[in-house]
Amino acid sequence: MRDVAVIGIGCTTFGEKWETSFRDLFLEAGALALEDAQLSGERIDALYVGNMSAGRFVEQEHVGALIADYAGMASRHIPSTRVESACCSGSLAFRQAVIAVASGLEEIVVAAGVEKMTDVETSISVDALAAAADREWEGFVGATFPGLYAMIATDYMHRYPLTREQLAMVAVKNHYNGARNPIAQFHSEITVDTVLRSPLVADPLRLFDCSPITDGAAAVILAPLERAREFTDAPIKVLATAQASDTIALHDRRDISTLDATVVAARRAYEMAGLTPAAIDLVEVHDCFTIAEICAIEDLGFCAKGEAGRLTEEGETALNGRIPVNTSGGLKACGHPVGATGIKQVAEIVQQLRGDAGRRQVDGAEIGMTQNVGGTGASVAVHIFGRA
Amino acid sequence: MSVPRFWRKIPQRYNLIGTQCTSCERRFYPPRSFCPDCRRSGVIEPYRFQGKGEVVTFTVIRSASDAFEQQTPFVLAIIRLDEGPRVTVQVVVEDVSEARIGMRVRSVFRRIGTEGESGVIHYGTKFVPDVPYAE
């Protein structure tokens, strides 16, 4: 297996982009990534795109071919593959691209993610997202995604010392970071009060505990590490790629408050990179809801079970903390175009390791991690990156 | 959910018919036709659950998809059936603040949701607090 490097990144701004179509979202992110890698599209050998539900959101399937076509690659007939694993689609597209380059089968590969969610009413998008859980045994009885994560929160708060205020502090921190990220959907800082006074969605989760509905796309370009300096002065090496699965339904998990797939994917990633959690300088985690960030911090090994609330309150996960979490603003403040999220996480880590993250730069960041979750934890991908 | 898709599951939804593996005696609700422990050496047969259990965790859904919007707020819970398996259900209470972890519940036949503009009604099993009848 060859070493693989990220040589280019590009993200659209995230938000309610009513003026931009699904295909144009992808095109914008792809063009930014090519420009960043100082590369012509004719050099691309293959394309992987993460997308959860274009069928429900814009009534379009066959997304791989569509975006390759509109990226001007139809006449070159490159392989273009859509990857779907709900909110983890982006990371799995990235992982497929890494495997393609590492194997020697492809040279220059684009991994992208795109989701266009605001063309339908909120209730339709809520139902489309519910398809990431077990439709026949969770969705059928009225489970929504906020509802499922709320049941994790109820279980967690019954067993461990996590206060409602500490949970709110996750959102406060992520909005602080998002306010320093030009692509973020929300640029306003908030307070604990903002969260606690927002309407209940599914007890104990309130509106400001939830990531928003977002349009957006992100793309990264991969090359063999040995060739990376042909394209960039600052290649970022993929130190580990890992993936794990678990039961589709939350009720069948070994432990409702632990995402075993995160624990296992992280263990595989640390092993592949030859690293421990102490070596990680910053991490982008899947905070679709505030409770999800609490679980992720623990399941990735940054503290023991039950301690993530205190860690958050003491500022250890803030930009200048011991382990900065979600410097991009996370899903909460940067936005969550589901298929694009995993790729945006990679782009954020690459920007940080290059030292290009501006007002949210983590000083001296050398090793970064991403954790991307599908459903309530039925699919998890973990990646580790380092300066090459 | 399409009519055939709902129709296939009527025995399970109306009468809590799950399955059990006769090799290891593990019971499944929702039903599985393949035992994850015994794999191909497992023998699966239908098993009828008594419909009693205990709340493991819960939430109050205040914002739902269209099919459930008229029912909000309602209690959604993961319960552990006395025979072992856990399942996601609605718990019907007079006041949503009554829901508690550890609460005993029993099954009842109820309308689950109304779908689409034609208003197709889905029936199935919900749970209610299992309180002893007064003398």
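**A loop residue and its setting**

Tutor: A:Asn326 counts as buried, with 28 C-beta neighbours inside 10 Å. Buried means that 20 or more other C-beta atoms lie within 10 Å of the residue's own; exposed means 12 or fewer, partly exposed is in between, and C-beta atoms are placed from the backbone. This is a predicted model, in which local features need pLDDT of at least 70 and side-chain atom pairs count only at pLDDT 80 or more, while totals for chains, interfaces and linings use all residues. Residues are numbered from 1 along each chain as its sequence is written, and chains are lettered from A and ligands numbered from 1 in the order in which they are written.

A:Asn326 sits in the loop between helix 11 (308–313) and helix 12 (330–334) of chain A. Helices (H or I, at least four residues) and strands (E, at least two) are DSSP runs, numbered from the N terminus. The phi of A:Asn326 is near 60°, a positive value in a residue other than glycine. Most residues other than glycine have a negative phi, and most peptide bonds are trans.

A:Glu59 also has a positive phi without being glycine, with a value near 55°. A:Glu59 belongs to the loop between helix 2 and helix 3 of chain A. Is A:Glu59 buried or exposed? A:Glu59 is exposed, since 9 other C-beta atoms lie within 10 Å.

Helix 3 is followed by A:Gly72, which has a positive phi near 80°.

To place these pieces, take chain A by its domains. Domain 1 covers 4–121 + 214–236 and domain 2 covers 143–209 + 238–387; domain bounds come from an automatic or database domain assignment. Taken over C-alpha atoms, the centres of the two domains of chain A are 23 Å apart. The contact between them takes 37 residues from domain 1 and 36 residues from domain 2, where two residues are in contact if their C-beta atoms, placed from the backbone, lie within 7 Å. On the domain 1 side, strand 1 (4–11), helix 4 (89–102), strand 4 (109–115) and strand 7 (216–224) of chain A each supply at least two residues. Helix 4 gives the most to that side, with seven residues. The residues on that side divide into 23 nonpolar, eleven polar and three charged. Ala, Val, Leu, Ile, Met, Phe, Trp, Tyr, Cys and Pro count as nonpolar, Asp, Glu, Lys and Arg as charged, and the others, Gly among them, as polar.

Chain A also touches chain B: 27 residues of chain A are in contact with 25 residues of chain B. Helix 5 (122–130), helix 6 (145–159) and strand 5 (200–202) of chain A are the elements that give two or more residues to the chain A side. Its largest share, six residues, comes from helix 6 of chain A. By class, the chain A side has 14 nonpolar, seven polar and six charged residues.

A:Asp203 and A:Pro204 are joined by a cis peptide bond, with omega about 5°. A:Pro204 lies in the loop between strand 5 and strand 6 (205–206) of chain A. Chain B has a cis peptide bond between B:Tyr29 and B:Pro30, where omega is about 0°. B:Pro30 is placed in the loop between strand 2 and strand 3 of chain B.
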